[in-house]
Amino acid sequence: RTREAGDKTAALMAKKFRAARESDLVAHCVATWSRHAREERNKAELAKLKETRSTTNEQAAELMADRFRAAAEADLVLRCTMAWFRIALAERSAKAAEESQKQYAKKLQKLQMLSREKGGQTAETTANMFQLMKRQQLGMRCIALWSKLAREENNKRDIAQLRTQAREKG
């Protein structure tokens, strides 16, 4: 039973670590895709800005700065969100592993207690059987001694009767 509980715990932990790894891969894919999309968008915007030189250089620079700032802010938000997600996932996995370990320890302790109780019952049963056997042996010895004593008494009585008859005859 303990091995089965250990196997279940190992399977549960493997499943949790696999889920965490898959989650990290998804986060990495999303971040990579987002970065690529942002770069493509920036390229497209730069191309658009180069095409429309009708605005003044100052207005174009200000517009570019605003857009790059917005992109940088979006990147920071994404990084923070992904980091928070990883931390939350790691904490949840750690809590689940700790809870699983506690449950395993409780089950093990319960099994050990049951084993001790069963061992105590087995010892008590063995002691009772031993006492019963000793009582039977003592009873058999008493009967054997009593039987021997009774035969000796009968033999003495028979010998005494034979002597008495021999004296009377002779």
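**Salt bridges, pocket and cavity**

Author: The structure holds six salt bridges. The model is a predicted one. Side chains of opposite charge can pair when their charged atoms come close.

Reader: Which residue forms a salt bridge with D75, and how far apart are the closest N and O atoms?

Author: The partner of D75 is R38, and their closest N and O atoms are 3.3 Å apart. This pair links distant parts of the chain: R38 belongs to helix α1 (residues 2-51), D75 to helix α2 (residues 57-169), and 37 residues separate them.

Reader: Is D75 buried or exposed? And is R38 buried or exposed?

Author: D75 has 15% relative accessibility and R38 a relative accessible area of 11%. The cut-off for buried is under 20%, so D75 counts as buried, and R38 is buried too.

Reader: Where do K43 and E40 lie?

Author: Both lie in helix α1, three residues apart, which is about one turn of the helix. K43 has 53% relative accessibility and counts as exposed, because exposed means over 50%. E40, with a relative accessible area of 38%, is partly exposed.

Reader: Which helix holds R69 and D66?

Author: R69 and D66 both lie in helix α2, three residues apart, about one turn of the helix. Their side chains meet in a salt bridge at 3.8 Å, N to O. R69 is partly exposed, at a relative accessible area of 45%, and D66 counts as partly exposed at 36%.

Reader: Now the empty space. What is the general idea?

Author: Rolling a probe the size of a water molecule over the atoms shows where empty space is left. In this model, the largest pocket has a volume of about 170 Å³.

Reader: Which residues line the largest pocket?

Author: The lining consists of A27, H28, A31, R35, R38, D75, L78, R79, M82, A83 and R86. The elements giving two or more residues to this lining are α1 and α2. The largest share, six residues, comes from α2.

Reader: How many nonpolar, polar and charged residues does the lining of the largest pocket have?

Author: By class, five are nonpolar, one is polar and five are charged.

Reader: How many cavities of 30 Å³ or more does the structure hold?

Author: The structure holds one cavity of 30 Å³ or more. About 40 Å³ of space lies in the largest cavity.

Reader: Which residues line the largest cavity, and which element gives the largest share?

Author: N42, E45, L46, L49, M64, R67 and F68 line the largest cavity. Both α1 and α2 give two or more residues to its lining. The largest share, four residues, comes from α1, whereas in the largest pocket the largest share comes from α2.

Reader: What is the make-up of the cavity lining by class?

Author: The lining of the largest cavity has four nonpolar residues, one polar residue and two charged residues.

Notes. Residues numbered from 1 in each chain as written. Predicted model: local features only at pLDDT ≥ 70, side-chain atom pairs only at ≥ 80, totals over all residues. Heavy atoms only, no water. Salt bridge = Lys/Arg side-chain N within 4 Å of Asp/Glu carboxyl O. Buried < 20%, exposed > 50% of the residue type's maximum accessible area, 1.4 Å probe, protein only. 1 Å grid on protein atoms, 1.4 Å probe; cavity = no way out; pocket = protein on both sides within 12 Å on 5 of 7 lines; lining within 4 Å. Points joined across faces, edges and corners; volume = space filled by probe spheres on them. Nonpolar A, V, L, I, M, F, W, Y, C, P; charged D, E, K, R; others polar.
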